[in-house]
Every structure is written in C-alpha cells, then in structure tokens.
Amino acid sequence: MEQKGDFWELRLYVAGQTPKSLLAIANLRKICEERLAGRFRIEIVDLARQPDRARADDVLAIPTLIRRLPPPIKKIIGTLADEEKVLLGFNMKHRSEDDG
Amino acid sequence: MSFPITPDRDQALPKCPSGIQGLDEITDGGLPLGRTSLVCGGPGCGKTVFALEFLARGALEHGDPGLFVSFEERPGDLVQNTASLGFRLPELMERRLLTIDHIRVERSEIEETGDYDLEGLFIRLGHAIDQIGARRVALDTIETLFGGLSNTAILRAELRRLFLWLKDRGVTSIVTGEKGDAGLTRQGLEEYVSDCVILLDHRVQGHISTRRLRVVKYRGSFHGTNEYPFLMDRRGITVLPITSVGLDYAASTDRVSTGVARLDEMLEAKGFFRGSTVLVSGTAGAGKTSLAASFADASCRAGERVLYVAFEESPSQIFRNMRSIGMDLERHHERGLLHMLTARPTLHGLESHLAVAHRQVREVRPAAVVVDPLTSLLAAGSAADVESLVLRLIDFHKSLGITTLFTALSPHGGAPETSVLGVSSLIDTWILLKDIELSGERNRTLHILKSRGMAHSNQVKEFLITEAGLRLLDPYLGPEGTLLTGSARLVMEARERSEEQRAAGEHQKERRRRERRIGLLRARLGALQAELRSGSEELDELDRMETNRLRRATEDRAAMAKSRHETGGKDEHGTER
C-alpha cells in the first residue's frame with residue numbers, strides 16, 4: 001500500500017462533543033487502523049476548549065483534518081464519511097497504485 | 001459605545017457612529033448598533049477602506065476596539081495599502097484597539113467529505129473578539145468562502161447563522177461583498193443582511209472617475225436615498241451629503257464690498273448682499289478673474305476668509321497677475337485668510353469636484369467662495385450635470401450664509417445673456433463684462449444685468465484694469481448716443497477740450513479788442529478834456545485883458561479931465577460932472 005516507513009501525523013480539529021465531531025473521530029480511527037496500522041498518530045484538538053488554536057491551521061470548517069506528515073500538508077474537511085475521498089485526498093490510494 | 005442601547009423598543013433604532021465623514025449625516029446617526037451592515041460594490045470601489053475606516057474611527061474617536069477579518073489581503077499589505085489614508089493602524093494594533101486577522105481560504109488545498117459546519121470560523125472570531133473586547137467587526141470579504149468551499153448549501157446556512165451570531169454577540173459589524181451580475185452581491189449576501197445595505201460605486205466616464213455611495217436599505221431608520229459622491233484620499237472616506245437643502249435659508253441684509261468702489265456705488269453704494277450668489281460673465285479677457293480677485297481681496301481686507309476655487313490658473317499665477325494690477329492676494333494667503341483650491345477640471349468627475357469644494361468649505365469656513373470659472377466644469381460633465389452641481393453648491397453656501405461669486409466664460413459672438421448654462425435664475429446679482437470693439441480697439445464695459453433686492457444702477461460703465469486696480473468710468477455718449485470707450489472716448493474728449501480752448505481764446509481776443517477800444521476812447525476823452533481846459537483858460541485870459549483895458553481907459557479919462565478942468569472947466573465930451 002503506502003510507502004514503508006512513512007509515519008503519519010494527523011490532527012483533527014473538532015468543536016465539542018457534537019455528532020459531527022464524534023462521527024469524524026470514529027471515521028478517522030477506522031481508516032487509520034485499516035490502512036496505517038502502527039504508523040500514525042492522531043491529535044484531536046477541541047477548539048471549544050482551545051479556541052486560540054483555530055488560527056494556526058486556518059481552521060474554518062469543523063471537522064477539519066490536517067495531514068502534517070508526510071509532507072506536503074493536506075487538509076480535508078467534513079465527517080470523513082467517504083473513505084474513498086479521504087484516501088484520494090491524502091494520496092493514499094494514488095501512492096499505493098504507483099507502488100503496485 | 002457612544003450610543004446607549006435603549007431598552008425601549010419604541011425608540012428609534014440605536015446607531016453606531018461610523019466616524020466616516022458625512023455618512024452619519026446621511027444615515028441619521030450611523031450604522032445600526034449591534035447589527036450587521038453590508039457594504040458592497042465592484043472591485044476598487046473602496047469597500048475595504050470603508051470597513052477599515054469604520055474600525056479605525058471607532059477606535060480613535062470612540063475607543064471601540066475593532067476586529068478586522070481579512071479573507072483576501074494580508075495584514076501587512078493592508079497596513080501598507082492604507083498607510084496613505086492616515087488611519088495609523090500599527091499604532092492602533094499596538095494599543096490593542098485593533099486586530100487584523102487574516103484567514104486564508106484556498107480551495108486547492110481543501111478536500112471535502114461529509115458534513116461540516118463553520119464552527120471553526122465562529123470560534124476563531126469569538127476568540128479574537130474576546131481578546132480585545134471588540135465592539136466593531138469587519139469581514140472583508142466573506143464571499144471568499146464561496147471560492148474556498150464547494151458546498152454552497154452548507155455555506156449559506158452557516159452565513160445566516162454567522163449574521164445571527166454576530167448580532168447575538170452585540171458587535172456592530174460590516175461585511176463586504178463583491179458586486180454581482182444579478183444582485184447587489186455575487187452570493188446574494190443582501191438576503192442575509194436585512195438591516196443596512198450600502199452600495200459603493202466607482203464610475204469612470206470619459207476617463208473621469210467619480211465615486212458614489214448610496215444607502216440601499218436601512219431598516220427602521222430614516223436615511224438619504226440619493227447617490228452621494230464621496231472622496232477617498234489621505235483623510236480616508238468623505239461622503240458629501242450634498243443635496244438641495246431647500247429654500248428656507250435666511251436672507252441677509254448685510255452687505256459686502258465688491259472691491260471696486262464705483263461698483264459698490266452702482267449697488268446702492270453698498271455692494272453685494274452677504275450670502276447672495278453673484279455671477280460675473282463675459283468673453284475671454286473681459287476681466288472676470290480680475291473682478292473676482294478684487295472681491296476676494298476686499299473680503300480678505302475686511303478680515304474675512306475666502307475660498308478661491310481656480311480651475312484654470314495656479315495660485316502663483318493668479319497672485320502674480322493680480323499683483324500687476326495692484327492687488328496683493330499672496331499677503332492674504334500667507335495670513336491664512338485666502339485659501340486657494342486649484343484643480344484641473346478633468347482631474348476628476350464633477351461630483352468629486354463638488355465634494356472637494358464642499359469639504360474645503362467645511363474646513364475653511366469661509367465668508368465667501370469664488371469659483372473661477374464655472375464654465376470650465378463643462379469639461380468634466382454635461383451642462384445638465386453642471387447645473388445640478390451649481391444648484392446644490394448654491395444651496396449649500398446659502399444655508400451657511402456664504403457669498404458665492406462665479407465667473408463664467410461667454411463665447412465671443414453669442415449673446416452673453418443667454419449662453420451661461422441654465423443657472424441664471426439661481427443668480428442674485430449678475431454682472432456682465434463686455435468687450436466693445438470700436439475704432440480698431442477693444443475696450444471693456446461693465447453693467448449690472450440684475451441684482452435682486454436692490455435698486456442698482458443700469459448704466460453701462462467703462463471698465464478699466466489699471467496698475468492701481470480696477471476702475472469704472474462714467475459712460476461717455478458720442479454724438480449719435482453710442483457709448484464711446486477707450487481711444488474713441490479720448491478723441492472725443494480731446495475734441496471737446498480743444499473746442500473749449502478755442503472758445504476761450506476767442507473770448508480773450510474779443511475782450512482785448514474791447515479793452516483797446518475803451519483805452520482809445522479814454523485817450524480821446526483825455527485829449528478833449530485837455531482842449532476844454534485850455535479853451536476855458538483862454539477865455540479867462542480874454543476877460544482879464546478886457547477888464548484891464550477898461551480900467552486903464554477910465555484912469556486915462558480921469559487924468560485928462562483933471563487936466564482940462566484946470567484949463568477950461570469942461571471935458572471934451574461935454575459931459576457934466
């Protein structure tokens with residue numbers, strides 16, 4: 001699948017325990033565990049508690065997922081409901097096809 | 001905030017003074033307090049400056065902290081681009097009276113999957129508002145979100161929520177929007193902002209630009225509905241609430257000198273009415289500027305401030321030219337009494353000209369304004385536009401009791417009474433300067449075509465521009481009753497003078513002739529008297545001689561008788577003794 005050794009550092013911005021936030025967290029965990037087992041770290045930033053952090057990644061939409069590693073930085077917004085789209089957005093699928 | 005929120009719902013809508021010059025007059029106090037106003041217009045219309053000035057003025061003049069959220073320009077660029085407007089943004093940011101927050105929206109970087117909302121934006125705004133206690137917020141321009149996010153259904157719902165949220169926060173806010181093809185804005189923001197919508201417009205006609213502002217909507221408030229011209233320069237935005245103020249201004253009976261003594265005499269020996277409108281029209285070189293300058297000079301010498309709007313000459317040129325005819329305008333300028341405003345007519349649109357003059361009048365507070373020449377404005381707009389401008393200018397000046405003197409160029413050949421735009425009915429005193437061509441030279445005449453409210457002279461005077469100033473001479477009528485000026489006048493005067501001299505000489509000659517005759521008669525009289533005298537003397541001598549003879553004869557006879565008696569006793573005549 002993805003290149004070996006690539007470590008994924010992800011940051012998910014949510015705002016409180018809203019259904020959208022919970023859904024996004026669940027969807028992200030599922031995708032990561034399936035595709036990046038052992039090679040990922042997820043930081044969840046709750047802007048309701050840390051409003052000052054919204055500025056750093058120009059977060060407007062909630063939920064927003066940022067891929068900090070591997071570069072380049074990528075941004076996906078929404079509940080990550082469509083796995084295919086997430087994979088495309090993070091070039092996971094693209095890369096795996098290249099490798100294969 | 002400066003305007004208290006009144007709990008009484010029946011009260012007029014509370015306002016938040018924008019601090020933008022002129023806008024608060026149009027909107028009867030400012031923007032709706034605690035609400036969101038939409039400011040929209042095409043690119044370069046001044047939306048961003050409007051929003052920034054709203055915050056800067058709020059901070060400077062009302063101590064209201066402000067948050068500026070820029071979706072397009074970076075804070076550094078904003079500060080730089082508006083440095084010339086005098087808002088002192090860095091200072092305000094240092095004093096924590098202003099925060100500029102740049103939100104970058106790049107569609108290419110964002111993938112969307114699933115449901116989302118803009119809670120991140122709300123949190124970010126809320127945090128920024130809380131940090132400085134912002135009371136004013138500007139979002140410039142929120143429509144950029146539509147370029148960055150593809151789900152317009154979500155966006156629209158979130159925008160609606162945003163405006164409600166801003167209202168709940170109690171901040172007075174401005175959102176800007178780009179002019180759209182169908183509606184006021186591309187994304188129909190006007191649907192969400194129901195309280196106040198202001199449209200900015202930057203029109204260029206014939207390479208001349210004019211900025212205009214219109215309050216499209218202002219719920220629950222009286223507001224001017226016209227298009228108002230506005231300026232954008234080193235003093236920020238200045239909206240000119242120039243409309244016809246109506247006819248309820250007081251008419252002054254106070255008089256002001258024209259600067260030409262004989263002209264004052266023609267106007268009941270007092271001059272113009274203060275606050276009246278004077279038109280000086282004439283052909284090129286008829287002396288319009290000289291007369292206008294003379295009026296300005298007289299007002300300044302009376303210690304009053306004058307605003308001189310010159311469209312054709314620079315101040316130094318006017319100073320030099322007027323110095324050559326004995327007027328030192330520069331002195332008044334240096335003393336701060338004479339304010340010069342010079343601009344090429346085509347520099348900007350008519351409305352902008354009016355706006356500049358308007359602002360200058362507000363700043364200078366002059367007793368008199370000279371516009372020289374009014375007809376130059378025809379280069380910047382149609383006759384109808386110029387007339388409308390003049391009407392508003394006159395009304396504005398009259399409401400402030402300012403005496404206004406316009407000069408107007410009449411074309412050579414045409415009837416000068418009819419060619420001066422359509423403003424003659426607005427004019428209180430109309431002075432007509434004419435060139436009269438006679439005997440191979442041009443000379444100037446002046447007469448008062450009309451002067452409302454006074455018994456003015458109806459004579460045509462000869463108008464002289466001399467090194468010592470302006471002079472009016474009495475009319476000189478030639479043999480056929482025609483007005484004689486210049487050399488013709490001099491010739492006629494010389495001819496009359498020589499006639500007089502000839503008559504005087506004739507008299508002298510006759511007088512001398514008579515005197516001579518009297519002298520002769522006197523001489524003859526003397527001679528006759530002398531003759532008379534000698535005649536009388538001769539006569540006396542004759543008598544004396546006779547007397548002597550008789551006496552001697554008697555003596556002789558006596559002696560003879562004596563001798564006879566001695567001899568005969570009888571005298572020889574036989575007479576008895």
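A nonpolar core is a set of buried Ala, Val, Leu, Ile, Met, Phe, Trp, Tyr and Cys residues joined through C-beta atoms within 7 Å. I count a residue as buried if 20 or more other C-beta atoms, placed from the backbone, lie within 10 Å of its own, as exposed if 12 or fewer do, and as partly exposed in between.

**Conventions.** The model is predicted, and I therefore note that local features need pLDDT of at least 70 and side-chain atom pairs pLDDT 80 or more, while totals for chains, interfaces and linings use all residues. Residues are numbered from 1 along each chain as its sequence is written, and chains are lettered from A and ligands numbered from 1 in the order in which they are written.

**Core.** I looked up the largest nonpolar core and found 160 residues. Ala296(B), Val306(B), Tyr308(B) and Val370(B) have the most contacts inside it. Helix α2 (47-62) of chain B gives the most to this core, namely eight residues. Helices (H or I, at least four residues) and strands (E, at least two) are DSSP runs, numbered from the N terminus. I then listed what Ala296(B) touches, leaving out residues up to four places away in sequence: among them are Leu329(B), Leu338(B) and Ala368(B). Contact here requires C-beta atoms, placed from the backbone, within 7 Å. In soluble globular proteins, nonpolar side chains tend to be buried together.

**Sheet in chain B.** I read the strand order of an open, mixed sheet of nine strands as β17-β16-β18-β19-β15-β20-β21-β22-β23. Because β17 (338-342) and β23 (469-473) of chain B each have a single partner strand, one side of each lacks a neighbour in the sheet. Strands pair if DSSP finds at least two bridges between them. I noted that β15 (277-282) and β19 (403-409) of chain B pair in the parallel sense over six bridges, with Gly282(B) opposite Leu409(B). Helix α9 (288-301) of chain B packs on the sheet, and its direction makes about 165° with that of β18(B). Such angles run from 0 to 180 degrees between N-to-C directions of axes fitted to C-alpha atoms, for helices over the stretch in contact.

Chain A holds three helices and four strands, in the pattern β-α-β-β-β-α-α. Of its 100 residues, 34% are buried. The contact takes 27 residues from chain A and 20 residues from chain B. On the chain A side, β4 (74-77) and α2 (83-89) each give two or more residues. I also recorded that β4(A) pairs in the parallel sense with β6 (110-112) of chain B over three bridges, where Glu112(B) is the bridge partner of Ile77(A).

Definitions and conventions: Two residues are in contact if their C-beta atoms, placed from the backbone, lie within 7 Å.
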